[in-house]
Amino acid sequence: MIQVKNLSVYRGKKAILNDVSASLVAGKKLAVLGPNGAGKSTLLKCISQEISDYHGDIQLENQSLSEWPALQRARSLAVMPQKVELTFPFRAHQVVAMGRAPYGDENQSDELIRQAMLCTDVWHLRDRPYPLLSGGEQQRVQLARVLLQIWQPNHDAGRAGIQQRYLLLDECTSALDPAHQHAIMTLADQFADQGVAVLAVMHDVALAASWADEILILKQGEVLASGDRDLLSQGDVLQQAYDLDMALASQYARQNQQWLEFR
Amino acid sequence: MQLARRLSVLPRVQFSFAWQVGLLVITFIFLFLLALASGPISMDVSQVLQSLANALVGADIQSQADWVIRELRLPRAVMAMLIGAGLAVAGVVTQGIFRNPLADPGLIGVSSGAALAAVAVIVLSNSWLAFWVQLTGTFALPLAAFLGAMAVSLLIYRLGTINGQTQIAMLLLAGVAINVITGALTGILTYVADDQQLRSMTFWSMGSLAYGRWPEISALFLCVLLPLLALPKFSRLLNALLMGEAVASHLGFQVQRGKFILLAAAALMVGAGVAVAGMIGFIGLVVPHLMRLMLGPDHRQLLPASMVCGAALLLLADLIARTWLAPADIPVGLVMAILGGPVFLLLLMQQIKTVRSS
Amino acid sequence: MPVKVKIAGLKPSGFIKALLLLLVMVSTLVKADSDTSAREHNTPPRIISIDGSLTEIVYALDAGEQLVAVDTTSRYPQAATELPDVGYMRRLSTEGILSLKPDLVIASQDAGPAEVFTQLHQAGVSVVRVRNEYTLAGVLAKVDQVAQALNKQQQGEQLKQTIQQQTSAALAAIPENAAAPETLFILGAGNRGLMAAGKNTQAQAMLDLLAANNVMDYDGYKPVSAEGALLANPHVVLVAHTGPTDSDAVTTSLMMTDAQKNNRIHTVNTSVVLGFGPRLGEAVKQLADVLYPQALAGAE
């Protein structure tokens, strides 16, 4: 489990995040929602340790997150960033292979690479140079890489190691068409079924409704609402979160209800 | 069918890599022997092999030909290999850290620091730096150039590192600023220099492998060979860094420590090279590009290939420098520029062609 | 997309082809031989001379035919420019010199780097280093050393006498109580602009010889500006060229000075005037004529 306790992040005098608490439990899918500038990505970056000068505490399995060695973390915690810039002409399969870097077995993982690329539907692109792929294709290649980090439970963790696996996704479906969007979220489901704790920062409320177990809504750096997925079918919550007028909020709430029932 | 498709992923790359590196190594050995066999004084290959054998067993000098090969050409060839390899690999490392195929080790201030120190010794050896010349004797210039290279690189690194985090953008800006300052100081020294000093400076800045002595070559071994042997371990970090430092640290790499070691290694190799041989440009830019076009951007192949190609290229340039206008000796940096400029242009046009056709 | 895709098909890429072609070209280059004439026992020693004035002395001592190579500063007489060039005298190449199979290398003390001479010595070549002192006595001493090295002491004595006589005669023509002219010596250095000579230059040495006053008193050569020249206000200006120079630029820089107003800007021959070699007498006469024109006027 990852527990975020009273997390605050300041940039100058401004609080990007203010006293945010949340938890990431094995097997559960948490969607982090909110308007632009709410601090969603900042929260994710704190958990991935990309931001390390935060106030408050983040505990990974009862030890402070920053105290875990980077390599151990990399074998249990995989992060899919919002955007990856790669202009050098690596082939797609080489990019995916880098996901095995924490284990050092890139050259012996042909089968795993193939499976991962099949799962995200990029196996047919394996020899194409990464910079020439479309935005969506690149995202799926990155996802395959990220998943490879936690593809299997880490049997070498030992009792002192990290026991669970965690997957952090930062708007990983933003460039994808609906078919691929749902395929990816189904993939995340499969990982969750295996016991992986999944946190996904999202923009698309409907997608969250169709996928998440738990919801965390941030607004202006603070927690607006957190709880079960039913939260999304409540019009007043949506209205407050996104500053929508009531009619629009109710419409979205109804749609989300349908997604909830669709599951 | 699945097996065939799987096999098509990696083995094809490995096969071509082995073939190409094999070719490079053969070319390299050929060039080494050619370098020992060529020069203003004509020499045949059997003499070269004999002398090499003598040198390896440490036999006494047996003839003038033997002496020419062992005392004049061999040190030069060894210097060419070490400096060429060092400059090429430093180029690869710099391009990886700055995530830019146009990056050059000069960005981290190594060359400008060395140049400033060298020019200072040339111009001030009779006045302000007389104590230095007294202290270090004939090694005044190379030692000063090396220290200058290290000092300026360290300064730029410190400026670009905030709270223990080296930020590439800051590093770049610091490099630009410091390079401007060292350039200005060098300019002032140029202004007060007399004719003879000006000529010395000009020749130093054109680079030459003719004046390396065995103590300097031993220092080169230390400063170039050791980093060269240690760097392949960082191939995977360099690969990951190309996707950004965030991704690299997500993958479990020690990014800050890695960047420091990589930058230090690059500074050491280039600093030692420039200190001993003066400015030799283009290798750090052209060789990584060439190797990337031939072998792809994976550093596990790029680093060793660049090492071999850089050494071979400088051997070739030095060979031309010695024989083209014999008995005069052209500065090798000049030959590199004459070779490097058109080659770089060719690479650029190749790049444009491939971008247009895709 | 990238070129490398073809390589797996065992077809050499364009780059490898180019590399092989370059290697073949270079191998043919290497076949080029330098002079391999065998040295017989009684032939006179093969000489390489490094410094313009030393080369002039070698020719003046009638040993020009023994020269096999010279350096870039040896441009007089014409025959010297047709000999192979061992390069800039401060950046010599041991192997380059050895390839010409010299028996004797005569070099100025300023030539370098030092290791080259050590190596030449190790290789069995006789090396004579000659000091450069920019005075009449210095020139005579140079002649002595070179004559000694060439075993032509008799011709050396004669040359010394000639130089001595020419110089004395030229100096004698200067009237006793003539005032020391305020002189500016400019070197037109091609596109590096106009450099004015200060102290510790060969130009200063010549002016000292002729008892003229150098209006500039800094060390070495510095670029001259019109204002600087005006401030110094020389009566005579001597202009030497080491490269093509715009004569208008010279006049512009010297606008309103006494020298320009009185039309006393004179071009002199660099090689003669700054050479400090056998043509010293000629140099002194050239300068004396322009620095002390009353001597000419008062002459018969």
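Domain bounds here come from an automatic or database domain assignment. On that basis, chain C splits into domain 1 (47-170) and domain 2 (177-294), and the centres of domain 1 of chain C and domain 2 of chain C, taken over C-alpha atoms, are 27 Å apart. Where they touch, 17 residues come from domain 1 of chain C and 15 residues from domain 2 of chain C; two residues are in contact if their C-beta atoms, placed from the backbone, lie within 7 Å. On the side of domain 1 of chain C that touches domain 2 of chain C, at least two residues each are supplied by α2 (52-60), α6 (136-150) and α7 (153-172) of chain C. Helices (H or I, at least four residues) and strands (E, at least two) are DSSP runs, numbered from the N terminus. By class, the residues of that side of domain 1 of chain C come out as 9 nonpolar, 6 polar and 2 charged, where Ala, Val, Leu, Ile, Met, Phe, Trp, Tyr, Cys and Pro count as nonpolar, Asp, Glu, Lys and Arg as charged, and the others, Gly among them, as polar.

A word on the model itself. It is predicted: local features need pLDDT of at least 70, side-chain atom pairs count only at pLDDT 80 or more, and totals for chains, interfaces and linings use all residues. Residues are numbered from 1 along each chain as its sequence is written, while chains are lettered from A and ligands numbered from 1 in the order in which they are written.

Chain C as a whole has 14 helices and 10 strands. Of its 300 residues, 39% are buried; buried takes 20 or more other C-beta atoms within 10 Å of a residue's own, exposed takes 12 or fewer, and partly exposed is in between, with C-beta atoms placed from the backbone. Looking at contacts in chain C between residues at least 6 apart in sequence, 60% join residues at least 24 apart.

Chain A also comes in two parts, domain 1 (1-68 + 162-226) and domain 2 (83-160), with C-alpha centres 22 Å apart. Domain 1 of chain A puts 13 residues into the contact and domain 2 of chain A puts in 11 residues. Helix α6 (residues 178-193) of chain A gives the largest share of the domain 1 side, 4 residues. That side of domain 1 of chain A has 9 nonpolar, 2 polar and 2 charged residues.

Now for the sheets of chain A. One is an open sheet of 4 strands, ordered β2-β1-β4-β5, with antiparallel pairing; strands pair if DSSP finds at least two bridges between them. At its edges stand β2 (14-24) and β5 (63-64) of chain A, each with a single partner strand, so one side of each has no neighbour in the sheet. Strand β1 (residues 2-11) of chain A pairs with β2(A) over 7 bridges, antiparallel, and Arg11(A) has Lys14(A) as its bridge partner in β2(A). Helix α1 (residues 40-47) of chain A packs on this sheet, touching β1, β2 and β4 (55-60) of chain A, and its direction makes about 120° with that of β1(A). Axes are lines fitted to C-alpha atoms, for helices over the stretch in contact, and angles run from 0 to 180 degrees between N-to-C directions.

The other sheet is open too, with 6 strands in the order β6-β7-β8-β3-β9-β10 (chain A) and mixed pairing. Its edge strands, β6 (77-80) and β10 of chain A, each pair on one side only. Neighbouring strands are turned by 15° against each other on average, direction ignored. Strand β3 (residues 29-33) of chain A runs parallel to β9(A), joined by 4 bridges, and Leu30(A) sits opposite Glu214(A) in β9(A). Strands β9 (residues 214-219) and β10 (residues 222-228) of chain A run antiparallel, with 6 bridges, including the pairing of Ile217(A) with Ala225(A) in β10(A).
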